[in-house]
Amino acid sequence: MASRGARGPPQGAAAQSGRMSVAAYCVFCYRKIGTSGPTTKKCLPWYDIRKVAKVTGSLILGGFVFITYEVLSLNKLLKIDTQALHQEKLKSYIYVRTASLSPSEYQGITYKARQEIHKAVRRILEKEAKIFRRPFSEQFSTFDGEDHECALWLLLKRTQSEDKAIRLQAVQDLASNRHWHDYQYVTVAQTCDQRTAIGLARSKDVDLRFFLPPPPLPKIKTDDPIEDELRLLLVSLPQTGLDPCVQYFTSLALRESSQTLAAQMGGLWCFGGNGLPYCETLSKVPSETVELFCLQALVQHSKISSHCDKIETKGGLQLLQRIYQLRKDSAKIQRNIIRIIGNMALDEHLHSSIVRAGWVSVLAEVMKSPHIIQSSHASRALANLDRDMVKEKYADGVYVLHPQYRSSQPVRADILFVHGLLGAAFKTWRQQDMDRHVDRRASEGEEEYTHCWPKTWLATDCPSLRIISVEYDTHLSDWKAKCPVEAQRESIAFRSSELLDKLKAAGIGDRPLVWVSHSMGGLLVKKMLVDASKNPEMDKIVNNTRGIIFYSVPHHGSQLAEYSINARYLLFPSVEVKELSKDSPALKELNDDFLSFAKDKKFSVLSFAETLPTHIGSMLKLHVVPVESADIGIGDLIPVDVNHLNICKPKKKDAFLYQRTLKFIQDVLAQNCETEVLPSFPACVLCLV
């Protein structure tokens with residue numbers, strides 16, 4: 001028992017220590033588990049979230065600041081354009097005078113305050129319109145716009161007004177204002193209508209930035225020359241039922257282009273039939289010449305309205321634009337192209353096609369050319385396009401020398417220049433050619449030489465007159481080939497009928513008229529007046545004729561008829577020589593018919609007669625129109641020491657020939673004011689204002 005008692009306690013202690021060890025072990029395990037397991041899983045996610053939040057927040061804040069900055073910067077950059085778009089959306093119908101764009105007028109506290117008040121009022125009214133769902137009154141739409149912006153859009157709106165006077169004044173204000181910015185010129189070019197663009201092109205000293213350049217043309221194959229396209233265009237036009245001369249010249253152009261094509265392909269069409277090297281040499285040259293042949297044929301076709309439609313349908317306007325851009329070095333080709341455009345512009349339904357093809361900008365640029373012939377062709381084309389300002393139509397060969405631009409000054413009278421049959425609408429009326437052998441020092445300080453004194457001198461002295469020069473179809477003989485009906489075409493009777501119709505369309509006879517003629521042109525003037533006196537539809541031309549000037553006109557024939565046929569053909573290739581013989585029955589009948597009614601109408605007549613012979617070549621010296629033949633029998637006759645060619649070409653502006661011509665025009669029109677009560681002529685001094 002004792003032994004059991006002695007062994008008992010140690011066993012209890014061992015058991016107790018075992019239980020304590022197990023408890024300690026459990027506590028240790030719990031601590032380990034508590035510190036390494038569950039605690040880590042609960043704390044780690046929140047720590048990561050805080051780190052992510054810091055990074056993400058920084059990125060979001062930085063991105064927001066960056067985007068805000070970009071938006072504000074973009075808004076600042078687009079501020080002007082958005083204002084312009086806003087003005088476009090809310091155009092004003094208030095017609096006001098153009099605001100002055102001088103910066104000095106738009107500075108100061110008063111102006112700034114007024115602008116801010118206007119902006120505030122507009123915003124309030126706009127908010128009110130939105131709240132009550134009412135339309136916003138357009139008369140307040142420009143309160144927050146800059147004045148120079150408002151002026152531009154208001155003028156553009158006025159150019160579309162139904163009131164013609166408002167339209168014309170708006171175009172004039174647009175063209176005359178020199179304070180527009182580059183982007184505003186572009187705005188006008190892109191937004192103005194066809195009528196406004198044409199009006200701007202006919203405005204004096206207009207800025208070419210108002211016009212869009214011609215549209216880009218599609219590329220063509222390099223192996224298809226331009227003359228082939230012209231030939232195809234000619235072939236596509238009607239070839240039957242035409243005037244014989246149109247048919248003849250078309251076939252001539254097609255034949256020449258075919259020969260050129262054969263030469264380019266190595267054909268044997270040249271002299272002798274076996275000269276291939278010579279053909280190859282020629283094939284490099286005639287390209288421009290053949291184009292000119294084809295263009296001259298197109299000129300004839302463009303005189304026929306139905307053919308103009310065909311030219312437009314077949315892409316002729318774009319083809320002509322391409323040739324014009326490629327041949328900037330050829331004034332003759334460009335002149336023929338503009339002549340075609342001027343003929344097509346006679347048909348109003350083709351105007352939109354002409355504008356879309358980019359011809360308005362081209363014509364506006366040519367109008368600024370220092371070359372009178374080029375600018376006059378462009379002026380005629382634009383006048384035929386300008387139906388808002390011009391009621392007359394100028395047919396082929398009728399050119400307005402003054403005024404060539406739009407003008408608010410009314411036209412008081414017409415001066416009509418008619419050249420001789422070997423002359424032209426411009427070169428006949430040039431200043432007398434200067435003698436190159438004269439010492440240059442003697443000409444220092446002299447006025448600049450003019451290639452057309454009616455346009456330069458007379459237009460300056462008589463700005464209220466309309467000055468017109470007519471031209472015959474002299475190109476018919478330029479090709480050195482005779483049309484089958486050329487003789488009939490070149491008779492005085494045929495030309496009289498043809499020109500009368502053109503002059504009537506140009507408004508000749510609607511106002512007082514003075515004729516100025518040289519050589520055979522004087523016979524044509526007499527024939528036209530005689531024919532007009534017999535036609536009731538042409539009565540106005542006769543009744544409004546106030547005076548006639550004849551420069552060496554062979555009223556009773558010319559001594560030229562006594563010389564050889566070659567000499568007569570050289571000087572007068574387009575009129576039958578027998579009509580020029582001295583005391584010709586035809587000339588006598590024409591002169592008698594003219595005098596029979598000229599005396600009743602009491603025309604004022606001034607005749608100049610040459611006293612010097614004219615050199616024809618190096619061998620022949622001829623007094624073309626003697627003094628006795630230049631005497632028509634009425635009016636004043638003044639002999640002048642010049643030859644036949646220079647009788648209508650004054651040496652300078654203060655020369656006797658020009659000053660006497662100017663005085664005659666002034667006196668005749670002044671008498672017209674004295675004898676008629678014309679309220680529209682308040683001053684009755686037509687050439688001094």
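This is a predicted model: local features need pLDDT of at least 70, side-chain atom pairs count only at pLDDT 80 or more; totals for chains, interfaces and linings use all residues.
Me: How do you know how many helices and strands the protein has?
Reply: Helices (H or I, at least four residues) and strands (E, at least two) are DSSP runs, numbered from the N terminus. On that basis the protein has 28 helices and nine strands.

Me: Why is helix H8 called largely enclosed?
Reply: A residue is buried when its relative accessible area is under 20%, exposed when over 50%, and partly exposed in between (1.4 Å probe, protein chains only). Six of the eight residues of H8 (residues 194-201) are buried, so the helix is largely enclosed by the rest of the structure. The buried residues are Thr196, Ala197, Ile198, Gly199, Leu200 and Ala201. They pack against helices H6 (164-176), H7 (182-191), H16 (351-356), H17 (359-367) and H18 (372-385), where contact means heavy atoms within 4.5 Å.

Me: What makes H17 largely enclosed?
Reply: Eight of the nine residues of H17 are buried, so this helix is largely enclosed by the rest of the structure. Those residues are Trp359, Val360, Ser361, Val362, Leu363, Ala364, Val366 and Met367. Their cover includes H8, H14 (316-326), H15 (331-344), H16 and H18.

Me: How much of the whole protein counts as buried?
Reply: Of its 689 residues, 46% count as buried. The accessible surface comes to about 36,500 Å², with 58% of it belonging to carbon and sulfur atoms; areas come from the Shrake-Rupley method with a 1.4 Å probe, and for residues only the protein chains shown count as cover.

Me: Why are H9 and H12 called roughly parallel?
Reply: Axes are lines fitted to C-alpha atoms, for helices over the stretch in contact, and angles run from 0 to 180 degrees between N-to-C directions. Angles under 35 degrees count as roughly parallel, over 145 as roughly antiparallel, 65 to 115 as roughly perpendicular and the rest as oblique. H9 (residues 226-236) and H12 (residues 287-301) pack at about 25°, with their axes 9 Å apart, and are therefore roughly parallel.

Me: Which residues make the contact of H9 with H12?
Reply: H9 contributes Ile226, Glu227, Leu230, Leu233 and Leu234, while H12 contributes Ser287, Val290, Glu291, Cys294, Leu295, Ala297, Leu298 and His301. By class, nine are nonpolar, two polar and two charged; Ala, Val, Leu, Ile, Met, Phe, Trp, Tyr, Cys and Pro count as nonpolar, Asp, Glu, Lys and Arg as charged, and the others, Gly among them, as polar.

Me: What makes H23 oblique to H26?
Reply: The axes of H23 (residues 520-533) and H26 (residues 585-601) come within 9 Å and cross at roughly 55°. That angle makes H23 oblique to H26. The contact is made by Leu523, Lys526, Lys527, Leu529, Val530 and Ser533 of H23 and by Leu587, Leu590, Asn591, Asp593, Phe594 and Phe597 of H26. Its residues comprise seven nonpolar, two polar and three charged.

Me: Why is Ser552 called buried?
Reply: Its relative accessible area is 0%, so Ser552 is buried. Ser552 is found in the loop between strand S5 (545-551) and helix H25 (565-571) and, although not a glycine, has a positive phi of about 45°. Most residues other than glycine have a negative phi, and most peptide bonds are trans.

Me: Is Lys602 buried or exposed, and how do you know?
Reply: Lys602 counts as exposed because its relative accessibility is 71%. Lys602 is in the loop between H26 and strand S6 (604-610). Its phi is positive, at about 60°, although it is not a glycine.

Me: Where is the cis peptide bond from His402 to Pro403?
Reply: This bond has omega near -5°, and Pro403 is found in the loop between strand S1 (398-402) and strand S2 (413-418).

Me: Why does Tyr399 count as buried?
Reply: Tyr399, in strand S1, has 1% relative accessibility and so counts as buried. Leaving aside neighbours within four places in sequence, Tyr399 is in contact with Ser376, His377, Arg380, Ala425, Phe426, Ile467, Ile468, Ser469 and Glu471.

Key: Residues are numbered from 1 along each chain as its sequence is written. Side-chain values use heavy atoms; hydrogens and water are left out.
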